[in-house]
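Work through the exercises below with the model open. Try each task before reading its solution.

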Amino acid sequence: MRKKEIWKRFCFAFLIACILTGITATGIFYKVDNTFSDMLYQREQALDGNIFVIGIDAKSLEKLGPYSTWSREYMAKAIEILNQVEEYRPAAIGIDILYTGETTKKEDIALAKSASKYNNVVMATAVNFASQLEKENEIVYVKNDGVQSYEEPYEALKKNSIQGHINFMYDKDGIIRHLIHSIDLPNGESVDSFDYELYRLYAKAHQLELNTVPYNEEDHTWYLSFRGNPGAYYDGFSFSDLIDGNLSPEVFAGSIVLIGAYAPGLMDYATTAIDHSQFMYGVEIHANAVDALIRNDFKQEIPNWIQLCLLFLICFSLVFFFYNQRVLMSTIIWIVVTIGAIVSSYVMYQIGYLLHLIWIPVSVTIIYISMIARNYVAETIEKNRVMNTFKHYVAPEIVNKILESEEDLELGGKMTDIAVLFVDIRGFTPMSEVVSPLEVVEILNRYLDLTSRCILRNKGTLDKFVGDATMAIFNAPIKQEDYIYQAVKTAWDMVKESHALNQELIEKYGRTVGFGIGIHCGQAVVGNIGAKIRMDYTAIGDTVNTAARLESNAPAGQILISRAVADQLEGRIKVTSLGNTIQLKGKAEGFEVLRLEGLMEE
């Protein structure tokens with residue numbers, strides 16, 4: 001491959017790779033990328049049975065009344081029941097309900113006392129962020145910009161319990177995929193998440209070493225790999241059944257128990273990555289988070305700049321490879337790279353690394369389609385250029401026939417009825433002695449251009465140029481109904497149109513030239529003649545030789561034809577028989593030669 005071609009391909013690949021990488025960096029694929037990533041990555045798995053959700057469900061609301069009227073003593077009683085038998089106590093109890101502000105002294109003291117007695121209760125706090133609507137790539141989302149306020153339990157409960165924030169992190173498309181590990185408060189303190197506090201109690205109870213959460217340093221978020229679908233951690237355990245004594249405490253021994261809203265009217269639900277079609281209650285999201293913390297199931301998100309660099313290299317390589325590449329090979333590579341990228345992303349996820357799922361497949365597909373289209377257009381342009389160039393050397397009919405079928409490129413021929421015309425310039429040698437070589441070439445080209453136009457106009461096939469002579473065949477490779485007459489008319493046109501050119505030469509050089517033309521018809525072998533590496537579409541045989549002999553005996557301005565031609569066109573042409581006055585080389589005596597005098601139609 002030439003250096004110029006390599007450099008052209010390199011620049012083209014670099015440009016396309018830059019464009020695709022830049023487009024991807026804008027986040028245009030954000031929503032679709034996350035949607036397909038969730039479908040592949042977030043899969044329900046078998047649970048370990050160490051996390052339970054006790055729901056404040058429709059049954060509880062029906063039995064105990066609207067939640068706003070509940071006494072805090074209900075929750076105090078629930079904590080006491082879960083801890084009543086020491087050997088069956090849960091490792092941690094998470095109350096996913098905000099108890100801010102004081103009510104009656106009796107209720108507040110009861111709940112604070114129950115929360116402090118067993119050292120396994122985590123109460124919820126919440127941070128209110130100053131929020132504003134943002135829009136990016138047609139996606140409207142809420143952007144949190146600093147802590148506005150902090151809601152925590154009333155004073156007695158705060159002093160006698162463990163607390164953790166219950167804030168979720170919504171992604172730009174309104175889906176929960178990330179959780180906030182800790183939040184820095186305006187007073188300089190930092191509050192860990194509700195989930196992490198529960199996990200810490202569980203690890204302490206089971207003497208487990210705490211796992212390190214690989215959160216984002218900028219916003220303290222981490223990616224949650226969900227394990228359970230909506231309802232997975234809820235076994236129908238109702239809060240009302242718990243305080244009525246209908247749930248056996250031994251079921252929850254050493255586990256994590258989460259108590260929270262589990263009814264639509266309580267408005268504590270969200271759309272999560274594991275299921276976009278069904279809401280998940282907040283208490284179940286916490287259950288998934290604690291489960292991930294216990295299993296040390298964290299996914300390290302590969303920085304975008306690294307993935308963009310990888311995308312650029314892949315795009316550049318594929319554009320460079322697909323450039324003028326065959327469709328089959330391009331298709332194979334496209335399929336391999338696309339499937340390979342998806343499989344690699346899944347494998348990386350399983351070992352703990354999170355990649356953008358569709359960045360590479362979409363970009364590779366765009367490149368594949370674009371390059372197929374580009375190669376097709378380029379190939380068509382090049383084919384037309386070659387064909388048009390080739391037609392300057394070979395008759396257009398032959399070029400078209402070759403392009404129609406590969407079989408025509410094989411050596412060989414077949415017997416065909418044709419008419420053969422030879423035309424040569426008379427007086428050209430003396431002319432070349434008085435003009436410069438450049439002028440000789442110009443004069444010759446003008447005569448050959450004249451003969452070529454006449455041949456093509458009459459649907460003949462320009463076979464070849466032999467010095468200052470031209471050979472044409474009629475009725476091959478394309479069949480013609482009146483091919484013999486077309487050959488004769490071609491010769492007559494040549495003679496007529498040469499008059500103007502001859503007059504110009506007389507005025508310019510004081511000399512002139514003329515045409516000697518010979519025409520014969522009959523059978524000849526027509527086809528690809530030559531060697532496999534260099535062949536010529538032509539005709540051979542006695543018919544061709546006879547036409548050549550007639551031309552060599554024709555004086556300037558005369559057209560000699562055979563009796564075979566004259567008989568075929570009787571009544572359509574004017575001829576004068578020369579009888580046996582001209583003896584053709586290689587022909588026996590008695591071969592009649594005739595001179596064409598004109599066409600009857602004229």
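Predicted model: local features only at pLDDT ≥ 70, side-chain atom pairs only at ≥ 80, totals over all residues.

Residues are numbered from 1 along each chain as its sequence is written, and side-chain values use heavy atoms, with hydrogens and water left out.

**Exercise 1. Describe how helix α10 packs on helix α11.**

Step 1. Two packed helices are described by the angle between their axes and the distance between the axes. Helices are DSSP runs (H or I, at least four residues), numbered from the N terminus. Axes are lines fitted to C-alpha atoms over the stretch in contact, and angles run from 0 to 180 degrees between N-to-C directions.

Step 2. α10 spans residues 304-322 and α11 residues 327-350. Their angle is about 165°, and their axes lie 10 Å apart.

Step 3. Angles over 145 degrees count as roughly antiparallel. The two helices, α10 and α11, are therefore roughly antiparallel.

Step 4. The crossing of α10 past α11 is right-handed (the near helix is turned clockwise from the far one by less than a right angle).

Step 5. List the contacts (heavy atoms within 4.5 Å). α10 brings Ile314, Leu318, Phe321 and Phe322; α11 brings Met329, Ser330, Ile333, Trp334 and Val337. By class, that contact has 8 nonpolar, 1 polar and no charged residues.

**Exercise 2. Where in the chain do Asp244 and Lys63 lie, and is each buried or exposed?**

Step 1. Apply the salt-bridge criterion: a side-chain nitrogen of Lys or Arg within 4 Å of a carboxyl oxygen of Asp or Glu. The Asp244 and Lys63 side chains form such a bridge, at 2.1 Å from N to O.

Step 2. Asp244 sits in the loop between α8 (239-243) and β11 (256-261), and Lys63 in helix α3 (residues 58-64). They are 181 residues apart.

Step 3. Asp244, at 34%, is partly exposed. Lys63, at 53%, is exposed.

Terms used: Parallel < 35°, antiparallel > 145°, perpendicular 65-115°, else oblique. Nonpolar A, V, L, I, M, F, W, Y, C, P; charged D, E, K, R; others polar. Buried < 20%, exposed > 50% of the residue type's maximum accessible area, 1.4 Å probe, protein only.
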